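The following exercises are to be worked through with the sequence and the structure at hand. Each task is followed by a solution in steps.

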Amino acid sequence: MNREELLAAILDALTGIAPEIDATALAPAKPLRDQVDLDSADWLNFLVALHARLGIDIPDADAARLTTLDRLVDYCGKKL
Amino acid sequence: MIEFRLPSLGADMDEGKLLEWRVQPGDAVKKGQIVCVVDTAKAAIDVECWHDGTVQRLLVEPGTTIPIGTPMAILREAGESEAQVERLIAPAPPASKPTAAPTAVVASVATAPVAAAPAQRRRISPAARKRALQLGIGIDDVPEGAEGTVELADVEQAARKRATPPIARAPAPSAPAAATMAERAAQMRKVIGAAMARSKREIPHYYLAEDVLLTAATDWLAEQNASRGVADRLLLAPLLLKCVAAALRRFPELNGYYRDDAFAAGEGIHIGVAISLRAGGLITPALMDVDRKDIDQINRELLDLIRRTRAGSLKSTELSAGTITVTSLGDQGVGAVYGVIYPPQVALVGFGRVTERPWAVDGGLRAAPVITATLAADHRVSDGHRGGLFLAALRDLLQNPAELTKAMP
């Protein structure tokens, strides 16, 4: 899976949780939760969706650092 | 004979529009079964029937808006024959006083039975209906899935077929759908406003607050979550709910309803959870018997409740069962929330955002995670002294999370 495909998969998981967002308008280097209204339950559901899609189970301690799309893509790329 | 009436859908909803029947005359109905889907200002609701029986007649046509309490269907009980029930609901003789016999009310409605619905009525889940509206897709154009029903996934598949950008994302809602969403938002704001105005008019609120040290709770959660996969991971919210339920056992005067100038204690601890909707507004569906469940079950049920609330797939009992409400601002919010009680309940517990604050320990200061817990309660039922003891109990219980998280008998 290349970087673009990975980003598409992550955005797909995200729009499943927050259908109102325009995924193309998100700035990949900016904190995601400043751009999308996600509460802790949404965030957990997003991690569950990522696990289902990519088979990556992100530990709690790591998840807190994955604040931007760029970081998410980097992290998932290494784990795959 | 059983009259099935539109049940209460919470203090802020006094009417509903019948979207579809899930049963037809002749169908056997079990207690707890979903018999119809009713749209309200807030969401489409799956309405459950609370009797076993057989459907004899449907009294309301889909598309009709009716007030809470309106007879919607006639069921016959075990042992009753069709003819017996027909006699019971036959038009009352002209001599009878219209107010005398309870059956007279039924009769006036029942004399115009609904035309038999088409045999092949499509079954559409409320979540699918709502998503189709968001996406601007006609629900009638969505083909049924494998189960013969139209589910959320079928709508999304139809949306994908229609839109063809390489990266799947929600297409912008079309103009008519957007108008409907805006109308719904305005209507929701209106019903929330009406319920909250009634609360402020009728309920003499008092407010209390307490800062609670959360080191033990957050340490316990981190330790639990370190060894759990994403699917089993615990949130802070279920721990707070569990704590409220445990404290309420000692303060029953905060758990229940104020009706007809008197307080009636709740028959269980059913916590209404304030859940914000992505398009604005909120719904407070109830988690049942929170004190009797362990933390894993509450965590699962809370996540499911949040998901179903936002997908528009709630049951009628969940909307009216709450005996108290808890509102939690979450980690994106601010320090404290002073809530408005949801009538006919008598208390609301609020939690602000967890923040690192200076905390005095053994004559020194250190930074520690702290949450502000608040109580808004009804002075007709309790006073600040008891309310204060309740918040103090909540504070103390949160210092021992491992003990708190078990199910209580």
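**Exercise 1. The contact between the chains**

How many residues does the contact take from chain B and from chain A?

*Solution.* The model is a predicted one. Step one is to count the residues on each side: chain B supplies 19 residues to the contact and chain A supplies 21 residues. Step two is to ask which elements of chain B are involved. Those giving two or more residues to the side that touches chain A are α6 and α8 (295–311) of chain B. Of these, α8(B) gives the most, with three residues.

**Exercise 2. The surroundings of B:Thr215**

Determine whether B:Thr215 is buried, partly exposed or exposed, and state which residues it touches, not counting residues up to four places away in sequence.

*Solution.* Begin with the location: B:Thr215 lies in helix α6 (residues 215–226) of chain B. Next, count its neighbours. There are 15 other C-beta atoms within 10 Å of B:Thr215. A buried residue needs 20 or more and an exposed one has 12 or fewer, so B:Thr215 is partly exposed. Finally, list the contacts: leaving aside residues up to four places away in sequence, B:Thr215 touches B:Ala368 and B:Pro369. B:Leu398 is 183 residues from B:Thr215 in sequence, yet the two C-alpha atoms are 9.4 Å apart in space.

**Exercise 3. The two sides of α10(B)**

Describe the length of helix α10 of chain B, then decide where its buried residues and the exposed residues of the face turned away from them lie.

*Solution.* Helix α10 spans residues 384–397 of chain B, 14 residues in total. From first C-alpha to last, α10(B) reaches 20 Å, close to the 20 Å expected at 1.5 Å a residue. Its buried residues are B:Gly387, B:Phe390, B:Leu391, B:Leu394 and B:Leu397. They lie on the same side of α10(B) because they cover an arc of only 125 degrees around the axis. The face turned away from this buried side carries the exposed residues B:His385 and B:Asp396. The packing partners of the buried residues are β11 (205–213), α7 (236–248), β22 (364–378) and α11 (401–404) of chain B.

**Exercise 4. The packing of α7(B) and α10(B)**

What is the angle between α7(B) and α10(B), and how far apart are their axes?

*Solution.* The two helices pack at an angle of about 130 degrees, with axes 9 Å apart. α7(B) and α10(B) are therefore oblique to each other. The crossing in which α7(B) passes α10(B) is right-handed. To locate the contact, note that B:Cys243, B:Val244, B:Ala246 and B:Ala247 of α7(B) meet B:Phe390, B:Ala393, B:Leu394 and B:Leu397 of α10(B).

Conventions
Residues are numbered from 1 along each chain as its sequence is written. Chains are lettered from A and ligands numbered from 1 in the order in which they are written. This is a predicted model: local features need pLDDT of at least 70, side-chain atom pairs count only at pLDDT 80 or more; totals for chains, interfaces and linings use all residues. Helices (H or I, at least four residues) and strands (E, at least two) are DSSP runs, numbered from the N terminus. The expected span of a helix is 1.5 Å times one less than its number of residues. The arc is that of the directions from the helix axis to the C-beta atoms. Two residues are in contact if their C-beta atoms, placed from the backbone, lie within 7 Å. Axes are lines fitted to C-alpha atoms, for helices over the stretch in contact, and angles run from 0 to 180 degrees between N-to-C directions. Angles under 35 degrees count as roughly parallel, over 145 as roughly antiparallel, 65 to 115 as roughly perpendicular and the rest as oblique. A crossing is left-handed if the near helix is turned anticlockwise from the far one by less than a right angle, and right-handed if clockwise.
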